[in-house]
Amino acid sequence: MRIAMIGTGYVGLVSGVCFSDFGHDVVCVDKDAAKIARLQAGEVPIYEPGLEDLMARNVAAGRLSFTDDLAAAVAEAEAVFIAVGTPTRRGDGHADLTYVMAASEEIAAALQGYTVVVTKSTVPLGTNRQVKQVIAKSNPAADFDVASNPEFLREGAAIDDFMRPDRVVVGVQNDRAAEVMAEIYRPLYLRDFPILTTDLESAEMIKYAANAFLATKITFMNEIAGLCERVGSDVKEVARGIGLDGRIGNKFLHAGPGYGGSCFPKDTAALARIGQDHAYPMQITETVMRVNQEVKARMLEKLRDACDGSFNGKTIAVLGVTFKPNTDDMREAPSLTIVPALIGGGAKVRVVDPQGEAEGRDLLPGVKWEDDPYKAARNADLVVLLTEWNEFRALDLKALARKMAQPRMVDLRNIYTAKAAKRAGFETYIGVGR
């Protein structure tokens, strides 16, 4: 099929590349001419393992191209995917639909022949009906349907998630649109991956409900971790014990410094706002948001305790600043709360992150970037493990401790144990929930 993907951000680029690998002819569209030029030159503007090679293979096969000419791409397409940003709107927590609606108007003017316009962006309930109204008003003669197809891609594992999904959710209003969507996802049908076809509003709600539930699991374990510290339990053992219950499952039970990233913060905020707008407060979600902020504050207290009550004059090495490993994404990362607080408290901060410097350089002013954890730890008073990159999972703890002025570690991802750290020469080791 001929597909136009509007937006070459994280979701749009990964989805467009993967659709082309299914065998479809895909044109990825973006207003940013400089970004399109980079993509045409084979450069990938985001870090996602495997994406560069997959993109190059499909460009070489003639199935994937990039353009800033939306009208030409839409005119040839049988399905047009909207994958533009929906950031949290300032002041009220709503998802900002400015880009979605602007794209809808441009798409309307370019439609030729029957086309399914698919919303891939995360949008509040009722947005797909609004898209339909905008297109119909802008181009009353257009022959089209709308569909909702929310994404469930984990940064760092997005290609595998797209190619081998837990499920694909498709919201439609009629069989005609459903048939087009079934053809687009035919390679997954053939391999028996679950495809859930439902109505528009249910598809929109599934996305928000899924992310809010996962954010709740993370936050629940972080709250349990705080209690474990008071009563002497080990949160890793607790997580293992409850995760073996099939009704609970073992994913998203890792205690840490709170959730971040591009999805959970804005989607929980949007769901809470949707509940307020419909006079049905989402009390659990609102509590999750509040507790997540409290978790980040609690992590700062751990660091302050490790520094004898004050950051002033201390040299601190921070290992990892992206919100999770295998991504360069800094959005809502715990580091954006923790690192500025260290600097504000008078600390000298050195940072090591395999992919975080390009984005973090502007977001974390005042830090010194290093490319080696042992160099960052030289004469440091504290080392903080903040993101669980593989590069930090097998550190030579003895060598690290010997480099430091005061061998102290705060491990906010529970990568190591107090026993291993003490054996390596650390005088202080602080984890989470242990």
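Q: What does the side chain of S15 reach?
A: The backbone oxygen of V11, at 2.8 Å. That is a polar contact: a pair of N or O atoms within 3.5 Å, where, within protein, one must be able to donate a hydrogen and the other to accept it, and residues adjacent in sequence count only if both atoms are side-chain atoms.

Q: Where do these values come from?
A: This is a predicted model, where local features need pLDDT of at least 70 and side-chain atom pairs count only at pLDDT 80 or more, while totals for chains, interfaces and linings use all residues. Residues are numbered from 1 along each chain as its sequence is written, and side-chain values use heavy atoms, with hydrogens and water left out.

Q: Which helix holds S15?
A: Helix α1, residues 10-21. Helices (H or I, at least four residues) and strands (E, at least two) are DSSP runs, numbered from the N terminus.

Q: Is S15 buried or exposed?
A: S15 counts as buried because its relative accessibility is 0%. Buried means under 20% relative accessible area, exposed over 50%, partly exposed in between (1.4 Å probe, protein chains only).

Q: Which residues is S15 in contact with, leaving aside neighbours within four places in sequence?
A: M5, K120, L153 and F162. Contact means heavy atoms within 4.5 Å.

Q: New topic: α3. Which of its residues are buried?
A: L51, L54, M55 and N58, in a helix spanning residues 51-60. Seen down the axis, they fall within an arc of 100°, so they line one face of α3. The arc is that of the directions from the helix axis to the C-beta atoms.

Q: And which exposed residues are on the face turned away?
A: D53 and A60.

Q: What do the buried residues of α3 pack against?
A: α1, α2 (33-40), β3 (64-67) and α7 (158-163).

Q: Now the open sheet with 6 strands. What is the order?
A: β11-β10-β9-β12-β13-β14, with parallel pairing. The edge strands, β11 (368-370) and β14 (428-430), each pair on one side only. Two strands pair if DSSP finds at least two bridges between them.

Q: How many bridges join β12 to β13?
A: 3, between residues 382-385 and residues 408-411. V384 stands opposite V410 in β13.

Q: Which helix packs on the sheet?
A: α13 (residues 283-306), touching β12, β13 and β14. Its direction makes about 170° with that of β13. Axes are lines fitted to C-alpha atoms, for helices over the stretch in contact, and angles run from 0 to 180 degrees between N-to-C directions.
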